[in-house]
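The structure is shown below.

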Amino acid sequence: MALTIPTLAPGLRIAVMGDGAQQVADALGISTCELDDADGAIFIASSIAGISDSTKAFWAKARDLYIPSIVLVKDFENGEIDFDDMAAIAGRILDPVVTPYLVLHSDDGAPVALIELETLKLFDYANGNREIRVSEPEHQELVKEFAYEFNEKVSEFGPTGFQDALIFPSIPYIEKVHMGKIEILEYLAQLPARG
C-alpha cells in the first residue's frame, strides 16, 4: 500500500532545535525558521548526545510563546538508552511528554515497528516503508496500560491539546528506515500557519 506523506499548511513555519537539526529537517522535507517566527517546533533528544543546554533554553522560550512542540527521540537503536528511557528523560528535563507510539523490536533487538496507542495499529518499518497492520493480541496486551495512560492524558487536554501547546508528543525517529517521519508530519499537519 502506497502511503501519502502528510501535507503541511502552506506557509507553515517550523523551528528544529538540537543535535543534527538540519539533517532532521532535510529528511522530513521541511525548511526551518527561527523559533520566534515558528508555528510549531521540533526538539531533538538524542540517546547519545542527550539534550543540549541551548535546546533546553529554546524549549523554555517555546513554552513562553505557546508554540506547539514535538520531542523527536533519535539514536536509540544501538545504545543502552532506548526510546522509552529517553522519552522519560526528556519529560524530566523539559516538560512531561506523551508517547503516542511505542517501539516494537525484532527478535535480534532491532527497532522495527511502532504501535499507535490511540488505535493499536502496527506500523511496520522493517523494510524501510511504513506498512500498516493490525497489531497482534499479545502486543495489545503489552501496551494496554500505556494506551490507557496516553488516552487519559489526551482527553485531559482535549483534541486540540497539541495545537494549543498543552501536550508534547515524543516520537521515535530512525532516519535510515523512515521510522517516525510520517508520524511527525501527521502532527505538524494539524497546525495552521499563523501568517
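In this predicted model, strand β2 is covered on both of its faces: G40, I42, I44 and S46 are buried on one side, and A41, F43 and A45 are buried on the other. Counted by residue, 7 of the 7 positions in β2 are buried. In a regular strand, side chains alternate between the two faces of the sheet.

**Strand pairing around β2**

Strand β1 (residues 14-17) pairs with β2 in the parallel sense over 4 bridges. Within this pairing, M17 has F43 of β2 as its bridge partner. From β1 the chain passes through helix α1 (residues 21-28) to β2, a β-α-β crossover that is left-handed. β2 also runs parallel to strand β3 (residues 69-74), joined by 6 bridges. S46 stands opposite K74 in β3. The crossover from β2 through α2 to β3 is right-handed.

**Nonpolar core**

The largest nonpolar core has 61 residues, and those with the most contacts inside it are V16, I30, L35, I42, I184 and L188. Which residues does I184 contact, leaving aside its neighbours within four places in sequence? They are L28, I42, I70, L72, I171 and Y173. In soluble globular proteins, nonpolar side chains tend to be buried together.

**Aromatic pairs**

The count of aromatic pairs comes to 5. Two of them are tabulated here.

| Pair | Centre distance | Plane angle | Class |
|---|---|---|---|
| F43 and W59 | 4.9 Å | 75° | edge-to-face |
| F162 and Y187 | 5.1 Å | 80° | edge-to-face |

Planes over 60 degrees apart count as edge-to-face, and the F43 and W59 planes, at 75°, are therefore classed that way. F43 lies in strand β2 (residues 40-46) and W59 in helix α2 (residues 53-64), so this pair ties together parts that are 16 residues apart in sequence. Both F43 and W59 are buried.

F162 is in the loop between α4 (137-157) and β8 (170-172), while Y187 is in helix α5 (residues 181-188), so their pair ties together parts 25 residues apart in sequence. Buried means under 20% relative accessible area. F162 therefore counts as buried at 2% relative accessibility, and Y187 is buried with a relative accessible area of 12%.

Ring pairs also link F43, W59 and F168 into a cluster.

**Charges over rings**

R63 lies over the face of W59, 4.5 Å from the ring centre. R130 lies over the face of F123, at 4.1 Å from the ring centre.

Terms used
Residues numbered from 1 in each chain as written. Predicted model: local features only at pLDDT ≥ 70, side-chain atom pairs only at ≥ 80, totals over all residues. Heavy atoms only, no water. Core = buried A, V, L, I, M, F, W, Y, C linked by side-chain atoms within 4.5 Å. Buried < 20%, exposed > 50% of the residue type's maximum accessible area, 1.4 Å probe, protein only. Contact = heavy atoms within 4.5 Å. Phe/Tyr/Trp six-rings, centres within 6.5 Å; stacked < 30°, edge-to-face > 60°. Helix = DSSP H or I, 4+ residues; strand = E, 2+ residues; numbered from the N terminus. Lys NZ or Arg CZ within 6 Å of the ring centre and 35° of its normal. Pairing = 2+ DSSP bridges. Right-handed = clockwise from strand over helix to strand, strands pointing away.
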